[in-house]
Amino acid sequence: MGGGGAALRRLRDRGGGASGRRRRGPAHAGGGTWTATPTPTGPRPPPGPTGMARHVFLTGPPGVGKTTLIQKASEVLKSSGVPIDGFYTEEVRQAGRRIGFDVVTLSGTRGVLSRIGSEPPPGKRECRVGQYVVDLTSFEQLALPVLRNAGPGSGPGQRVCVIDEIGKMELFSQPFIQAVRQTLSTPGTVVLGTIPVPKGKPLALVEEIRNRNDVQVFSVTKENRNRLLPDIVTCVQSGRQ
């Protein structure tokens, strides 16, 4: 892994890269306070009956820090020379009040995912999660091209595609569901993503991902989140072999 091994050693020396700073939590969630208190990760669940995990997903309650881990892992992988693209979701606040969520690509392009009290365009069905109305057109225009371009690169190893997150808002989009399935099945692509914890009616694609033999799922908690980063990066790097 060359530079990747050095990056991982630096992460472990820093206790997993925790900075202790406060940030807003992942999309569809509130904020979360990060502490630098080192805590053990505990044993990781096996990746599946075959033991051959390729894709890596994080799960956990809203606000626990899944998006923060995704962003940190993306930075480490990119600094190690790993071809990586994708998107994460970020909450949008106005006068201290959360008014919705945006989709942000790793290259910095931003688009609306949802807003409070907004109305769907004329002739479009309303896709609502609680008080948030999802802007499917905006989401698909930004997210779908990223997924469709997540094929294998020309260099050695495999590309990494970040998908944060696969949740209720995103799953209103049938093209997105198809694109995620295609990406998971594309040779030369490793997915690093987030999925919600089971709550209420199961989400078909989320359960499908949980049950794939080539998926490793990390459960993120307040107790282990500061120590998971090296394990996540190592697992992604192993999936690229």
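**Helix packing and buried residues**

In helix α2, Leu69, Lys72, Ala73, Val76 and Leu77 meet Leu229, Ile232, Val233, Val236 and Gln237 of helix α6, where a contact means heavy atoms within 4.5 Å. Sorted by type, the residues of this α2–α6 contact come out as eight nonpolar, one polar and one charged. Here Ala, Val, Leu, Ile, Met, Phe, Trp, Tyr, Cys and Pro count as nonpolar, Asp, Glu, Lys and Arg as charged, and the others, Gly among them, as polar. Helices (H or I, at least four residues) are DSSP runs, numbered from the N terminus, and strands (E, at least two) are found in that way too.

A word on the model: it is predicted, with local features needing pLDDT of at least 70 and side-chain atom pairs counting only at pLDDT 80 or more, while totals for chains, interfaces and linings use all residues. Residues are numbered from 1 along each chain as its sequence is written, and side-chain values use heavy atoms, with hydrogens and water left out.

Axes are lines fitted to C-alpha atoms, for helices over the stretch in contact, and angles run from 0 to 180 degrees between N-to-C directions. The crossing of α2 past α6 is right-handed, meaning that the near helix is turned clockwise from the far one by less than a right angle, with anticlockwise giving left-handed.

Neighbours within four places in sequence aside, Ser74 touches Ile84, Leu106 and Val162.

Next come helix α3 (residues 136–148) and helix α4 (residues 174–185), whose axes come within 10 Å and cross at roughly 15°. These two are therefore roughly parallel to each other, and their crossing is left-handed. From α3, Phe139, Glu140, Leu144 and Leu147 meet Pro175, Phe176, Ala179, Val180 and Thr183 of α4. That contact splits into seven nonpolar residues, one polar and one charged.

As for cysteines, Cys127 is buried at 1% relative accessible area, and Cys235 is buried at 11%. Searching the whole structure turns up zero disulfides (pairs of cysteine sulfur atoms within 2.5 Å).

Notes. Buried means under 20% relative accessible area, exposed over 50%, partly exposed in between (1.4 Å probe, protein chains only). Angles under 35 degrees count as roughly parallel, over 145 as roughly antiparallel, 65 to 115 as roughly perpendicular and the rest as oblique.
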